[in-house]
Amino acid sequence: MNIIKTTSPKTKPPADQLGFGQYFTDHMFLCDYSPEKGWHDARIVPYAPLSLDPASMVLHYGQELFEGLKAYYGVDGKVRLFRAEENFKRMNRSAMRLHVPVLDENFVLSALKELIRTDKDWIPDAPECSLYIRPFIIATDPFLGVRGSHNYTFVIILSPVGAYYKGGLTPTRIFVEPSDVRAVRGGTGDAKIGGNYAATIRAQENAKLEGFTQVMWLDAIERKYVEEIGTSNAFFVINDTVITPPLNGTILPGITRSSVIELLRSWGIGIKERQISIDEVIAAADSGALTESFASGTAAVISPVGSLHYDSRDIVIGGDNIGPTTQKLYDTLTGIQWGRVEDTFNWTKVL
Ligand SMILES: *Cc1c(COP(=O)(O)O)cnc(C)c1O
């Protein structure tokens, strides 16, 4: 692979100022697609703005897909990736949904490793900090007609990110969104694409204005069944059984979600993938059967839900504290990611 190193490396921000997705490393990976050459010209170059024709199809019809994963600087000084193969499998599923040419998963993984090695000094070694990885593909034909683009660019950028929680897990306040929806069956809810997010920003900003952390999405047909929490998968602990909505086409198949399910099974805790209505959640909260609720995703790993706002009511869950299942999942997953807990599932790969 062609690697062009920067001649003007940037100053690295201090770990306590990292936040999420604000700083970018010195290099990026690029690869182009054309019908004649397929995917070609894989290269690592200095991080810089992309040059795009204003008619580029992605800017008009949103043919874009992405992934999100992390590299972790372990307590043993080793750098680990967490289930990265799963991210690239999912990226190809998203690509197929948007009629974008797929990439060779092994090739992409080795390109990512090369990019991380090029920017290895950017992996934060402060506790709970990590290197967020954002691969994405955009349609680049300069054309205003609606059809599949013929040319695409695949990019990977890297962003050092700070501790998601400062001083322990904090329960979130969730607004159950009654009118806007994020996905409908047959649409793109189960693909990781920018277009899914555009439709969710209004509800999210309105909820934030009212002091909520995130919105909970209900199904688009009946506005009844729980789908996701923000950009994370939703879980409820009812009578000691964990329930999460099934992957029926509107839900993003989270890699954290599947890891949570596998961990719970290995601990002998009941886990059911089934539809759960918001009325069932509220009835279970009222009766005391609902003891915990949490969201799962790469950014926050596990995020406890402290309360739900629905139909002018505030429903507190687990006394607005972190429940034992939520805490154990967080400790185990982050333990595996930072090399503190033995990885019996073979989820991590040392770089
Ligand atoms: C990325 C994403 C998730 C979480 O997936 P992970 O693989 O666990 O990070 C959940 N919901 C949506 C809508 C997402 O885009």
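Predicted model: local features only at pLDDT ≥ 70, side-chain atom pairs only at ≥ 80, totals over all residues.
Where does the ligand sit? I looked, and the ligand is in the largest pocket. My pocket rule, on a 1 Å grid over the protein atoms alone: an open set of points with protein on both sides within 12 Å along at least five of seven lines.

Residues are numbered from 1 along each chain as its sequence is written, and side-chain values use heavy atoms, with hydrogens and water left out.

Next I checked the neighbours. I found 14 residues around the ligand, counting any with a heavy atom within 4 Å. Lys 192, Tyr 197, Glu 228, Thr 256 and Thr 298 are the closest.

Then I looked up polar contacts (pairs of N or O atoms within 3.5 Å). The side chain of Tyr 197 puts an N or O atom 2.3 Å from a ligand oxygen. For the side chain of Thr 298, I noted 2.5 Å to an oxygen of the ligand. Thr 231 uses a backbone N or O atom, 3.3 Å from a ligand nitrogen. Alone, the ligand exposes 380 Å², and the protein buries 96% of that (Shrake-Rupley method, 1.4 Å probe).

Last, the overall size: the C-alpha atoms fill a box of roughly 60 × 50 × 35 Å along the principal axes.

Notes: Polar contact = N/O pair within 3.5 Å; in protein donor to acceptor, adjacent residues only side chain to side chain. 1 Å grid on protein atoms, 1.4 Å probe; cavity = no way out; pocket = protein on both sides within 12 Å on 5 of 7 lines; lining within 4 Å. Sits in = over half its atoms within 2 Å of the grid points.
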